[in-house]
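The following note sets out points on the strands, rings and loops of the model under review. Please read it alongside the sequence and the coordinates.

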Amino acid sequence: MAGISTHALNVTTGRPIAGLRVELYDVAQSPPQRLNSTRTNADGRTDSPMLAAQSARTGDFELRFYVGEHFKEPTALSEEVLVRFSIFDAAQHYHVPMLCSPWFFTTYRGS
């Protein structure tokens, strides 16, 4: 299964983040072109892939996680977390999770 998917987890509580706004951009375009905008469900996942398998292609992409809207913490580290990555093989699936709190964020290439 090709395409791009994501999920979000609050590392402070160990729970999925429901309702988090996530956008996918094609950053090869100038200015970057928004390809998808959605919110995570109760499991912290999007209901459909950020980029469907039939639309998968090589290139440079960016996921934007609007963590400030979710945490509403005045001392938070960031309003938006931007994750830029490249797809080198469009036949592979790219899962890019977001693990975060108001003061911490990290990601990895999942399965």
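1. Helices (H or I, at least four residues) and strands (E, at least two) are DSSP runs, numbered from the N terminus. In these terms, Pro 102 is placed in the loop between E9 and E10. The model is predicted: local features need pLDDT of at least 70, side-chain atom pairs count only at pLDDT 80 or more, and totals for chains, interfaces and linings use all residues. Residues are numbered from 1 along each chain as its sequence is written, and side-chain values use heavy atoms, with hydrogens and water left out.

2. Two strands are taken to pair if DSSP finds at least two bridges between them. On that basis an open sheet of four strands runs in the order E5-E4-E6-E7, with antiparallel pairing. Strand E5 (33-39) and strand E7 (81-87) are at the edges and have a single partner strand each, so one side of each is left without a neighbour in the sheet. From one strand to the next the twist averages 20 degrees, where axes are lines fitted to C-alpha atoms (for helices over the stretch in contact) and angles run from 0 to 180 degrees between N-to-C directions. Strand E4 (residues 21-26) and strand E6 (residues 59-65) run antiparallel and are joined by five bridges; Glu 23 has Arg 64 in E6 as its bridge partner.

3. The mixed sheet. Another open sheet of four strands has the order E3-E2-E9-E10, and its pairing is mixed. Strand E3 (15-16) and E10 are the edge strands, each pairing on one side only. Strand E2 (residues 8-10) pairs with E9 in the parallel sense over three bridges. Ala 8 has Met 98 in E9 as its bridge partner, and Asn 10 has Cys 100 in E9.

4. Strand E9 and the hairpin. E9 pairs with strand E10 (residues 104-107) in the antiparallel sense over four bridges, and a hairpin of two residues joins E9 to E10. Cys 100 has Phe 105 in E10 as its bridge partner. From strand E9 (residues 98-101), Met 98 and Cys 100 point one way while Leu 99 and Ser 101 point the other way; all are buried (under 20% relative accessible area, with exposed over 50% and partly exposed in between; 1.4 Å probe, protein chains only).

5. Which residues does Pro 102 touch, leaving aside those up to four places away in sequence? They are Thr 12, Phe 71, Glu 73, Ala 76, Leu 77 and Ser 78, contact meaning heavy atoms within 4.5 Å. Pro 102 is buried, with a relative accessible area of 10%.

6. Ser 78 lies in the loop between helix H1 (67-71) and E7. Its relative accessible area is 19%, and Ser 78 is buried. Not counting residues up to four places away in sequence, Ser 78 touches Val 67, Gly 68, Pro 102 and Phe 105. A polar atom of the Ser 78 side chain lies 2.5 Å from the backbone oxygen of Glu 80.

7. Charges over rings. The criterion is NZ of Lys or CZ of Arg within 6 Å of the ring centre and within 35 degrees of the ring normal. The charged end of Arg 21 sits over the ring of Tyr 66, 3.6 Å from its centre. Arg 109 lies over the face of Tyr 94, 3.8 Å from the ring centre.

Terms used. Polar contact = N/O pair within 3.5 Å; in protein donor to acceptor, adjacent residues only side chain to side chain.
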